[in-house]
Each structure stands twice: as structure tokens, then as C-alpha cells.
Amino acid sequence: MSPILAKLLRRSTSRRPVDHHPDSPFARPVYERNATIYKLLAHPIRLEILNVLKSRGETSVELLLQILKVRKANLSQHLSLLRHTKTVMMRKDGLNVYYQITDPRLVEPCRILKEIWETNK
């Protein structure tokens, strides 16, 4: 596992019990899983990758490189993180590699934040 992936997936070391207060809508493990996803989404290139995959559907690495205008090594690193967290799926067809988002709802926070920023200008 890459050091970046290990850091991203590092579990919270909170000592708060699993049971939660009635005023808190979720148990602590739910917040910890959500925080892992937010960490994953906390990079503009990964957000852009996910949004492109949501809008285009299955997309080749070559097309992603053209759209995102990033170096292949950089794209590969981001796709590897997304793949290891099961955020995207990969398919090979000969020499071509294709990616698709596992659940389009993953990019909803990005859309919601965009709406909030536009509303509060």
C-alpha cells in the first residue's frame, strides 16, 4: 500500500464510545467512514476525475489525460487511490484502460457546495 493511501485511510483514534448521543444522528463509525470519503474527495484533481466520469460514463485513461491536462504519472496516482477505495472501477481492453465511477452520488457534495457558493456570492 502506498504511503499516500495509508495516510488517507488511517483510522481515527478517537476514544469516543461507539454508542452515540441521541442528539447525534449517527454512530461514530459512520462519521469515520464519511471522513475517509471526504479525505478522498479533498483534492481538486480527484473531484474533477469523478465529475468527468459521472458526466461521460466509462472513459479511457487517454481521454482523461486530454480532458484534465495532467501528467500521466499524476493521473495514475489519483486513479490508484480511487480504485483502492472502490470509488472507481477499472476495465482493460487490450492496451486501453477504462474507468467508471462506482456510484455517481459520490460527487453530490461537489454539486451541493457549488450551489451554496453561487447562492452566497
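Biologist: Which describes α3 and α5 relative to each other, roughly parallel or roughly perpendicular?

Modeller: This is a predicted model, in which local features need pLDDT of at least 70 and side-chain atom pairs count only at pLDDT 80 or more, while totals for chains, interfaces and linings use all residues. Residues are numbered from 1 along each chain as its sequence is written, and side-chain values use heavy atoms, without hydrogens and water.

Helix α3 covers residues 44-56 and helix α5 covers residues 72-84; the two pack at an angle of about 75 degrees, with their axes 10 Å apart. Axes are lines fitted to C-alpha atoms, for helices over the stretch in contact, and angles run from 0 to 180 degrees between N-to-C directions. α3 and α5 are therefore roughly perpendicular to each other; angles under 35 degrees count as roughly parallel, over 145 as roughly antiparallel, 65 to 115 as roughly perpendicular, and the rest as oblique.

On the α3 side, Ile45, Arg46, Ile49 and Leu50 make the contact, and on the α5 side Asn74, Leu75, His78, Leu79, Leu81 and Leu82. Contact here means heavy atoms within 4.5 Å. By class, 7 of these residues are nonpolar, 2 polar and 1 charged. Ala, Val, Leu, Ile, Met, Phe, Trp, Tyr, Cys and Pro count as nonpolar, Asp, Glu, Lys and Arg as charged, and the others, Gly among them, as polar.

Several residues of this contact turn up again in the largest nonpolar core. Such a core is a set of buried Ala, Val, Leu, Ile, Met, Phe, Trp, Tyr and Cys residues joined through side-chain atoms within 4.5 Å. Buried means under 20% relative accessible area, exposed over 50%, and partly exposed in between (1.4 Å probe, protein chains only). The core has 20 residues, and those touching the most other members are Ile49, Leu50, Leu53, Leu64, Leu75 and Leu79. At least two residues each come from α2 (28-41), α3, α4 (61-68), α5 and β3 (96-101), and α3 gives the most, with 5 residues. Leaving out residues up to four places away in sequence, Leu64 touches Val52, Leu53, Thr59, Lys69, Leu75 and Leu79. In soluble globular proteins, nonpolar side chains tend to be buried together.

Helices (H or I, at least four residues) and strands (E, at least two) are DSSP runs, numbered from the N terminus. The protein has 121 residues, of which 26% count as buried.

Charged pairs also occur. A salt bridge is a side-chain nitrogen of Lys or Arg within 4 Å of a carboxyl oxygen of Asp or Glu, and by this rule the count comes to 7. In helix α6 (residues 108-119), Arg111 and Glu108 are 3 residues apart, or about one helical turn, and they form a salt bridge with the closest N and O atoms 2.7 Å apart. Arg111 also forms one with Glu115, at 2.5 Å. Arg111 is partly exposed at 37% relative accessibility, as is Glu115 at 40%. Glu118 pairs with Lys114 at 2.6 Å; both lie in α6, 4 residues apart. Through shared partners, salt bridges join Lys54, Glu108, Arg111 and Glu115 into one network.
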